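Thank you all for making the time this morning.

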Amino acid sequence: MKRSAVPIAVAVLAAALVGLLVYGVVARKDDTSLDAAVQKGQRPQAPGSAVTLPTLDGSTQRSLAQLRGRVVVLNFWASWCGPCEQEAPVLEKAQQQLAQNGGTVLGVTYKDDAGASRDFVRRYKLTYPSLRDDKLALAPKFGTNKLPETFVLDKSGRVVALSRGEVSQSFLMQAIDRAQAS
Amino acid sequence: MRAAVLVALAFLLLAPAGAGAVQPRASFNDVEDEVMCDTCNVPLNVADSDRADQERATIRKLIAQGLTKDQIKAELKRTYGPAILAMPQDSGFSIAAWWVPVAVVLALLALLLALLPRWRRRGRADEAFASAHGPALSEADARRLDEDLARYDT
């Protein structure tokens, strides 16, 4: 190796390590593309509509695509999440309203024990269906990595509104009205 | 007689191996430090959250069912995917956790191989210089040496 090659090799290795570190940090950044689109007044197509997930009892598989033509309130939740307990009655109330017009709330559990999820459904007397996303096939497509998060989809499967955090009754009712009007 | 001794020796040697082949029941602590709290991104044994408590309850339930450590880890991986295990995954970006240390060690070895001959050459040159010219002395030392030599001469 020539005299000048050693510092160059060390510099290249150091640069490669720094590049790897930067990539690792950037790759883990939250995906907020849906938020940006909705904030601009757009209605982006809901991602992952073809993803099929098992129901809480594991008896069947369902996907968002199967609910096309209906207003859907997609809610990511888990039994260990405190705010999810707070918003459960609000979502059940929304389900009662949506069901009259053919719409539905669709719960999706996020990293949750299936038995604990079923206990949660019984405890809060939830009548809307929930699917299990144990391996995170759907949640990351919505940029979901914290709970709870809620997305209101119109009949064409487009995102009308989203709430990252505990959802409020007023937000939900207004978003459902907009989704039904379209 | 010799055959009997050999059989007895073989039995003694193989008996512990046979006992070792039986998988012991999993210990909670042993499993806990090899599983991640999947919402806090830290090993479960240092995690403090409701989800971590739920995962611990799941592990205790699986231990109570008589599963071994490997079976428990396989069950958790089957349910929640490979990210639930504390070992880095062997795919995607996580694979960097395996090859970066190897690459760094190889690079340092290459650097050492490149620099070692130069250091040795420099060392030899210094030795040759020292033996040719002798060690460099300060003025005071040189004067004292001359005085000492002069005393021996007399």
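Before I point at any pair of residues, let me say that two strands are taken to pair if DSSP finds at least two bridges between them. Please also keep in mind that what you see is a predicted model.

With that in hand, look at chain A, where E6(A) and E7(A) run antiparallel and are joined by five bridges; within E7(A), A:Ser163 is the bridge partner of A:Thr150. These strands belong to an open sheet of five strands in chain A, which has mixed pairing and the order E5-E4-E3-E6-E7. At the edges are strand E5 (130–133) and E7 of chain A, each of which pairs on one side only. On average, and ignoring direction, neighbouring strands of this sheet are turned by 20 degrees against each other.

Now to the nonpolar side chains. Which residues touch the most other members of the largest nonpolar core? They are A:Phe76, A:Phe142, A:Phe151 and A:Leu172, in a core of 49 residues. Among the elements of chain A that give two or more residues to this core are strand E3 (72–77), strand E4 (104–110), strand E6 (149–153) and helix H5 (169–181), while H3(A) gives the most, with six residues.

If we take A:Phe76 and leave aside its neighbours within four places in sequence, its contacts include A:Val108, A:Leu138, A:Phe142 and A:Phe151, and also A:Asp133 and A:Glu149. Finally, there is a second, separate core of 17 residues, which includes B:Phe28, B:Ala52, B:Ile59 and B:Ile72.

Conventions:
Residues are numbered from 1 along each chain as its sequence is written. Chains are lettered from A and ligands numbered from 1 in the order in which they are written. This is a predicted model: local features need pLDDT of at least 70, side-chain atom pairs count only at pLDDT 80 or more; totals for chains, interfaces and linings use all residues. Side-chain values use heavy atoms; hydrogens and water are left out. A nonpolar core is a set of buried Ala, Val, Leu, Ile, Met, Phe, Trp, Tyr and Cys residues joined through side-chain atoms within 4.5 Å. Buried means under 20% relative accessible area, exposed over 50%, partly exposed in between (1.4 Å probe, protein chains only). Helices (H or I, at least four residues) and strands (E, at least two) are DSSP runs, numbered from the N terminus. Contact means heavy atoms within 4.5 Å. Axes are lines fitted to C-alpha atoms, for helices over the stretch in contact, and angles run from 0 to 180 degrees between N-to-C directions.
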